[in-house]
Structures are given as C-alpha cells and as structure tokens.
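This briefing goes through a few helices and loops of one structure. Have the sequence and the 3D view ready and find each residue as it comes up.

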Amino acid sequence: MTILDGKKVSNDIKNEIKAEVDKMKANGEKVPHLAAVIVGNDGASLTYVGSKVRACERVGFQSTMVRLSNTTSEIELLDKIDELNKNDDIDGFIIQLPLPRQINTQKVLMAVDPNKDVDGFHPMNFGKMSLDMSTFIPATPFGILELLDRYNVETKGKHTVVIGRSHIVGRPMSILMGRKGFPGNSTVTLTHSHTKNITQITSQADIIISALGIPHFLKAEMVKDDVVVIDVGITRVPDDTEKGYHITGDVDFENVSKKASFITPVPGGVGPMTIAMLLKNTLLAREQHRLKKH
Ligand SMILES: Nc1nc2c(c(=O)[nH]1)N[C@@H](CN(C=O)c1ccc(C(=O)N[C@@H](CCC(=O)O)C(=O)O)cc1)CN2
C-alpha cells in the first residue's frame, strides 16, 4: 500500500512555483498577485484563507486578503468583486466558500471575471473544463489529478466511483476522471445522497473519490482489494485537545488502508494539494494577463 503524500507533493509544487517566480523577479517582471475574499468569521474558512496567504508568501506571490463582515449584503459583495475585476494589479481572486445565507453563491460566482477566476467556479470555466478546453480547473479536483499523475496511478479503463456531487469537488471530479487523457479515460459513477445500495457500487470500484463530509463513512467492507482511495473529507470533530478539535476524513483509514493499493491520509492528503493548485492557477492567470497586455 502506498500513501499518496499530499503534503510532500504540495511542497514539491510550491518549490517549482517559487523557482518560476524567482525567474520572473530576476527578469524584472511583476510577480503573480492573488486576492482572497472572506465573508464572516467561520473558523475553518479563516484557517484556509490564512493558509492561502502564507502559501503566497512562501512562493513569492503578492497576496491581498479582503475581510468582510458576516452581515455583508449581496450588493456589497458584488461591488467588491467589481472592484477586484477592474483592479489591473490583481491577476486572480477567490471568494472563500461557504458564504453567509443572505448571499446567493451562484450569483456571486458568476460576477467574477472568468479570466481572474482562479477557483474555476465560473460557469464559463466550468463549461470549458467539461469540453476539454484549456481553463482554470477547480483546485481540489486539480490537486487530485496531480497526485494521481505524480504517483503514476493507472486510471485508463478503471471504474471510478465519486461520492458526493458538490460543485467544488464531486461534480468536476466526475467530469475530469472521464475525460480523454491521463489521468482520465476512466468509467465514472457519480453517487450522492439518493443513491441506493452504495456498497454494491463502491465494492466494484477500482478508484473511490469520497467528498461527502461524513467521518469514517467508507468502511473496509465497502471496498475491494487493491482499491485506490482518495479521501476529500475534512470534518472537524470536537475533542479535549488544546485546539478543541481534530480533522477526520470520510474514510476509515485504519481498516480501508489494509485493502487499498493507494490511499490519501487526512490530514496531509488532498487538503494541502488544494492550496498548491490554487497557486498553480494563479501563476497561469498571471501568464495569461501578461500575454493579453502585449
Ligand atoms: N473558494 C473556495 N472555497 C472553498 C474551497 C476552494 O477550493 N475554494 N475548498 C474548501 C476549503 N479549502 C480551500 O479553500 C481547503 C480545505 C482544506 C485544506 C487543508 O489544507 N486541509 C488540511 C487540514 C487543515 C486543518 O487543520 O483544518 C489537510 O487536509 O491536511 C486547504 C484548503 C471549501 N471552500
């Protein structure tokens, strides 16, 4: 069994990006600039945006964090997005999700300039991705593809079962795994809360990508020998530690890992890859922005 070490691979990617940025600096070029908008005080979201800002510092990107209160209206957020769209110094930006309930998420994501949409959530970029066109791929699915690629995990002709149909992970993942090329060319089943007999489906899977958010949902008896397991779950479970919680994935790692050929841990698997691939998208946005100006 091989552990797909997202922490290590994400560090490798960050080093590669830093080398690119060092070259830009040596040539007197402007470095990529990422902005992150966070609305409200959700603890997990603040952690993730903090990690994004620190990752920017680590690779030499410029970053801007825009903090808005929990009572921000949809119009106020749309105004901020308009400002970021027009700010020529910013190459790409993200709106940290989830948003407070008074804000319509789809409306907000549609307001982001597709050329600056480094999360790949705008319908135009999502459509391009679905049509195999070059575009920004959402960071978590992009990170999973990169992990499979760097560990040479065979996906061609395999049966991939995706658990969860969220717009951020499950839905794009189901499209990407079925695309032509590597990693891809796999036969995909997308399962969700209305799926019947899920064990019957998961037990036939060569690759399982679980993005459900239910701790230890995937048990050893639900998978076959040599399965590849990608755990996207990151649930905060309250405990007596100083932090007050620990992170748990969707997979019963202890028992499933005994049957798996490859498996991601939580923490240290898909999560760190999400941040690294956001940086990669921002580098791409910078390059496209530079070419547009010339
Ligand atoms: N605008 C976006 N919002 C959200 C996204 C996204 O890609 N764009 N994804 C998730 C949250 N997320 C990034 O934003 C994210 C989640 C988890 C991690 C991570 O590194 N997890 C660590 C554990 C960290 C911890 O201790 O809490 C791990 O798994 O090892 C990074 C980014 C939803 N919102």
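The angle between two helices is taken between axes, which are lines fitted to C-alpha atoms, and runs from 0 to 180 degrees between N-to-C directions. The model is a predicted one.

**The crossing of H6 and H10**

- Helix H6 covers residues 139–150 and helix H10 covers residues 270–293; their axes come within 7 Å and cross at roughly 105°.
- Angles of 65 to 115 degrees count as roughly perpendicular, so H6 is roughly perpendicular to H10.
- On the H6 side, the contact is made by Ala 139, Thr 140, Phe 142, Gly 143, Ile 144, Glu 146 and Leu 147.
- On the H10 side, the contact is made by Val 270, Met 273, Thr 274, Ala 276, Met 277, Leu 278 and Asn 281.
- By type, the residues of this contact between H6 and H10 are nine nonpolar, four polar and one charged.

**Helix H1 and its two sides**

- Helix H1 (residues 6–26) has 21 residues, and the distance from its first C-alpha to its last is 30 Å, close to the 30 Å expected at 1.5 Å a residue.
- Which residues of H1 are buried? They are Gly 6, Val 9, Ser 10, Ile 13 and Ile 17.
- An α-helix has 3.6 residues a turn, so residues three or four places apart point the same way.
- Asn 15, Ala 19, Lys 23, Lys 25 and Ala 26 are exposed on the other side of H1.
- The partners against which the buried residues of H1 pack are helix H2 (43–59), H6 and H10.
- Gly 28 follows H1 and has a positive phi, near 70°.

**Helix H7**

- H7 is largely enclosed by the rest of the structure, because seven of its nine residues are buried.
- The buried residues in H7 are Gly 170, Arg 171, Pro 172, Met 173, Ser 174, Leu 176 and Met 177.
- They pack against two helices, H5 (123–130) and H6, and against the strands E5 (159–163), E6 and E7.

**Cis peptide bonds in loops**

- Between Leu 97 and Pro 98 the peptide bond is cis, with omega near 5°.
- Pro 98 belongs to the loop between strand E4 (92–95) and helix H4 (105–111).
- The peptide bond from Phe 182 to Pro 183 is also cis, and its omega is near -10°.
- The loop that holds Pro 183 runs between helix H7 (170–178) and strand E6 (187–191).

- Asn 197 is not a glycine, yet its phi is positive, about 50°.
- Asn 197 sits in the loop between E6 and helix H8 (198–202).
- Is Asn 197 buried or exposed? It counts as exposed, because it has 9 C-beta neighbours inside 10 Å.
- Asp 226, a residue other than glycine, has a positive phi near 70°.
- The loop between strand E7 (207–210) and strand E8 (228–231) contains Asp 226.
- Asp 226 has 11 C-beta neighbours inside 10 Å and therefore counts as exposed.

**Thr 2 in strand E1**

- Thr 2 is part of strand E1 (residues 2–3).
- With 11 other C-beta atoms within 10 Å, Thr 2 is exposed.
- Apart from neighbours within four places in sequence, Thr 2 is in contact with Tyr 151, Ser 261 and Phe 262.
- From C-alpha to C-alpha, Thr 2 and Glu 83 are 46 Å apart in space, and they are 81 residues apart in sequence.

How values were computed
Residues are numbered from 1 along each chain as its sequence is written. This is a predicted model: local features need pLDDT of at least 70, side-chain atom pairs count only at pLDDT 80 or more; totals for chains, interfaces and linings use all residues. Helices (H or I, at least four residues) and strands (E, at least two) are DSSP runs, numbered from the N terminus. Angles under 35 degrees count as roughly parallel, over 145 as roughly antiparallel, 65 to 115 as roughly perpendicular and the rest as oblique. Two residues are in contact if their C-beta atoms, placed from the backbone, lie within 7 Å. Ala, Val, Leu, Ile, Met, Phe, Trp, Tyr, Cys and Pro count as nonpolar, Asp, Glu, Lys and Arg as charged, and the others, Gly among them, as polar. The expected span of a helix is 1.5 Å times one less than its number of residues. A residue is buried if 20 or more other C-beta atoms lie within 10 Å of its own, exposed if 12 or fewer, and partly exposed in between; C-beta atoms are placed from the backbone.
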